Amino acid sequence: MTVGTPVKLIVGNWKMNGLTPALEEAHALGQMIEAEPVKARVGLCPPATLIAQMAWKLRGSAVELGGQDCHDKDSGAFTGSVSAPMLADAGARLVILGHSERREGFGETDADVAAKVEAALRAGLEPIICVGESLETREAGDAVAFVTGQVRASLPDSLKDRAFAVAYEPIWAIGTGLTPTLEQIGEVHAAIRAALVERLGDGGRQAPILYGGSMKPDNAADILAVADVGGGLVGGASLKAADFIRILKAA
Ligand code: PEP
């Protein structure tokens, strides 16, 4: 790393995986990082049920915790939902919003995502806003237009001067073992950067743009070296400390 190179943000997304014994993986990760610090800023987003216990397990560690979604209201009659203040209260600093599994499986729109981003900011959380195209959209040659459209519509004005990240996650790369070429990743990240600057002015220049979708120990170094790739959002390979640490060391 040279002087002035921004620190990469690498975040694990455990999705709906993890019961109490999985806390030991988080603990092991914390210990590995303590024994041999990594250059990256590290986040872990377990299921909401584990955040408070994980915060206790990782007290004093550099690993930051996050939620995987939040409601756009702070409290109220919304059975089954978790609010941004609840995540913060449990020990989260980050929250993943607009993941394609939420957009596709729960019908979340760009406007829903923008409202959740506002809620996260009110609670002092740093949102990680996910965007990404389907295989059909990529094959039609519309990936850049689609993704930048999502960026424009999912980011509220209130993000100006606030800490946040965007994660580019092509839907067809998530959990499939497929990844775009480095050129394709670079093209989309450059377009996202331009959209962020157009949307938020100077505030759009600093936000890390993470890549997500089958990032593994073997491809992480190449992907993280692409211009404007500010880190990674890692699903399957973040579940085991032994795999995740190899990705963190690639930064
Ligand atoms: C994700 O779902 O955010 C993700 C990147 O998953 P995977 O790494 O397993 O493709």
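A backbone N or O atom of Gly 235 sits 2.8 Å from an oxygen atom of the ligand. Keep in mind that this is a predicted model, where local features need pLDDT of at least 70, side-chain atom pairs count only at pLDDT 80 or more, and totals for chains, interfaces and linings use all residues. Residues are numbered from 1 along each chain as its sequence is written, and side-chain values use heavy atoms, with hydrogens and water left out.

Back to the ligand. The side chain of Lys 15 has an N or O atom 2.5 Å from a ligand oxygen, and a polar side-chain atom of His 99 lies 2.8 Å from an oxygen atom of the ligand. The protein covers 97% of the 290 Å² of accessible area that the ligand has on its own (areas come from the Shrake-Rupley method with a 1.4 Å probe; for residues, only the protein chains shown count as cover).

Who else is around it? In total, 14 residues surround the ligand, and the closest are Lys 15, His 99, Glu 169, Gly 175 and Ser 214 (a residue is near a molecule if one of its heavy atoms lies within 4 Å of it). Sorted by class, this shell has four nonpolar, eight polar and two charged residues. Here Ala, Val, Leu, Ile, Met, Phe, Trp, Tyr, Cys and Pro count as nonpolar, Asp, Glu, Lys and Arg as charged, and the others, Gly among them, as polar.

You'll find Ser 214 in the loop between strand 7 and helix 10 (220-224) (helices, H or I with at least four residues, and strands, E with at least two, are DSSP runs numbered from the N terminus). Its phi is near 55°, a positive value in a residue other than glycine. Most residues other than glycine have a negative phi. Ser 214 is also buried, at a relative accessible area of 9% (buried means under 20%, exposed over 50%, partly exposed in between, with a 1.4 Å probe and protein chains only).

Asp 228 has a positive phi too, near 70°. This residue lies in the loop between helix 10 and strand 8 (231-234), and Asp 228 is partly exposed, with a relative accessible area of 32%.

Now for the rings. A search of the whole structure turns up one aromatic pair (centres within 6.5 Å; planes under 30 degrees apart count as stacked, over 60 as edge-to-face and the rest as tilted, using the six-membered ring for Trp). The partners are Tyr 168 and Tyr 211, edge-to-face, 6.2 Å centre to centre with 65° between the planes. Tyr 168 belongs to strand 6 (residues 165-168) and Tyr 211 to strand 7 (residues 209-212), so the pair ties together parts that are 43 residues apart in sequence. Both tyrosines are buried.

Two arginines sit over rings as well. The charged end of Arg 59 is over the ring of Trp 56, 3.9 Å from its centre, and Arg 102 lies over the face of Phe 106, at 3.9 Å from the ring centre (the rule: NZ of Lys or CZ of Arg within 6 Å of the ring centre and within 35 degrees of the ring normal).

Last stop: two residues with 0% relative accessibility. Glu 133 is buried at 0%, in the loop between strand 5 (126-131) and helix 6 (135-139). Ser 154, in helix 7 (residues 143-154), counts as buried at 0%. The side chain of Ser 154 makes a polar contact with the side chain of Arg 103 (3.1 Å); such a contact is a pair of N or O atoms within 3.5 Å, and within protein one must be able to donate a hydrogen and the other to accept it, while residues adjacent in sequence count only if both atoms are side-chain atoms.
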